[in-house]
Amino acid sequence: MPWAKRAAAFACLLAGTGMAGQAIAQAWPSKPVRFLVGFAPGGSVDLTARMLGGPTGEALGTQVIVENRPGASGNIAGEAAAKAAPDGYTLMISSGGPLAANRAVIADMSFDPQRDFSGIALAAFQANIVVVNPRVPAKNMSDLIRIAKSAPNKLSYGSAGVGSGAHINGEMFNLEVGINAPYIPYKGPLEAMNDVMSGRIGFTWLSLGVAAPFIRDGRVVALGVSTPKRSPMFPNLPTVGEGLPGHEFDQWFGLLGNAKAPRAVINQVSKEVARIVQLPDVRERLQNLGTDPKSSSPEEFDRFIRSQIERLGKVIKAAGIKSE
């Protein structure tokens, strides 16, 4: 029997005996794996990707290359990952913006997060934090609310793009307080932070880990964290809910693959990520970013994304958030 026919017969045998997935997993990976990130270097998604990339590569016996493709609120990387060959070599670490919020913000998205991706694993949850320029006379959330109400439409804020987690958090704040603080989109969180420090915008919502160095050296003033409990990084900093009862918003990060990627590969990577985020050194590094390491099965992550699409969609509709 010719080699090609023998190979085809063997593949059929594997499929019939349920061994095809095992054979694929054993042969994979045979080359480097890419983690696509839809945001600029230095942000929390990028840092999380780099912390997980090294240990994941070691566990899989290959190199993991983190590739930044910022722009379009994370959709450039999302489209690239969705259209990549479904062989498990192109994965994406993303946040709730491209995976849950953008469907309600962008009418003509080139990919569908639920149809085109399979969740692999949640990686971490992270608090948003509100910071202001030291010249803004606000020392807490109550002060910020008072200032915003006294000067409607003037105290602007910024974040890393329309539909980003920080943007949605800011619009939740607008709705809850009954104000209309103008929103300024930026390519990344550090650009927004720079304009807060220069006084071009009044405040920003961004991830705690990115904000921490600027808070510690006094370049910005922190007013509150958006988690239900205070952060161990800044135990004396109130939650936003202490000044604005009911306000709560966590950002989250997770790893995904193409929906048509071999299930054995998805499951293999999921198990490794779940193990890696619990390693003491990785947990410590993630916690130093102000993140709470998490893990999940692929099925649990898929269900979580569906719930977030519903939750964030309601906020986006109420706030009237539209793509540019």
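1. For the residue classes used in this note, Ala, Val, Leu, Ile, Met, Phe, Trp, Tyr, Cys and Pro count as nonpolar, Asp, Glu, Lys and Arg as charged, and the others, Gly among them, as polar. By these classes, the lining of the second largest cavity comprises three nonpolar residues, six polar residues and one charged residue. The model under discussion is predicted.

2. Overall architecture. The chain carries 14 helices and ten strands. Its radius of gyration is 21 Å, close to the 20 Å that the globule rule gives for 324 residues, and the chain is therefore as compact as a globular protein of that length. The C-alpha trace spans about 85 × 40 × 30 Å along its principal axes.

3. Of the 324 residues, 56% count as buried. Among the contacts in the chain with a separation of 6 or more, 76% are accounted for by residues 24 or more positions apart. The accessible surface amounts to about 14100 Å², and carbon and sulfur atoms hold 54% of that area.

4. The largest pocket. Its volume is about 360 Å³. The lining consists of 17 residues, and those nearest the centre of the pocket are Thr-227, Pro-232, Gly-290, Thr-291 and Asp-292. Two strands, β4 (117-132) and β10 (291-293), each contribute at least two lining residues. The largest share, three residues, is supplied by β4. By class, the pocket lining divides into six nonpolar, six polar and five charged residues.

5. The largest cavity. Two cavities of 30 Å³ or more are present in the structure. The largest of them has a volume of about 180 Å³. Its lining is made up of 17 residues, with Phe-39, Ser-44, Ala-160, Pro-189 and Gln-251 nearest the centre. At least two lining residues come from each of α3 (44-60), α8 (165-177) and β7 (203-207), and β7 provides the largest share, three residues. What is the division of this lining into nonpolar, polar and charged residues? Eight are nonpolar, nine are polar and none is charged.

6. The second largest cavity. The space in this cavity is about 60 Å³. Its lining is formed by Ser-95, Gly-96, Gly-97, Gly-165, Phe-249, Asp-250, Gln-251, Trp-252, Gln-308 and Leu-312. Two or more of these residues are given by each of α5 (96-105), β9 (250-258) and α14 (298-319). The element that gives the most is β9, with three residues. Gln-251 belongs to this lining and is also one of the residues nearest the centre of the largest cavity.

7. The setting of α5. Why is α5 described as largely enclosed by the rest of the structure? The reason is that eight of its ten residues are buried, where buried means under 20% relative accessible area. The buried residues of this helix are Gly-96, Gly-97, Pro-98, Leu-99, Ala-100, Ala-101, Asn-102 and Val-105. They pack against α4 (75-83), β3 (90-95), α6 (113-116), α8, β9 and α14.

Definitions and conventions
Residues are numbered from 1 along each chain as its sequence is written. This is a predicted model: local features need pLDDT of at least 70, side-chain atom pairs count only at pLDDT 80 or more; totals for chains, interfaces and linings use all residues. Side-chain values use heavy atoms; hydrogens and water are left out. On a 1 Å grid over the protein atoms alone, a cavity is a set of points where a 1.4 Å probe fits but cannot get out, and a pocket is an open set with protein on both sides within 12 Å along at least five of seven lines; lining residues have an atom within 4 Å of a point. Grid points are joined across faces, edges and corners, and a volume is the space filled by probe spheres set on the points. Helices (H or I, at least four residues) and strands (E, at least two) are DSSP runs, numbered from the N terminus. Buried means under 20% relative accessible area, exposed over 50%, partly exposed in between (1.4 Å probe, protein chains only). Contact means heavy atoms within 4.5 Å. The radius of gyration is taken over C-alpha atoms; the globule rule is 2.2 Å times the number of residues to the power 0.38. Accessible areas come from the Shrake-Rupley method with a 1.4 Å probe; for residues, only the protein chains shown count as cover.
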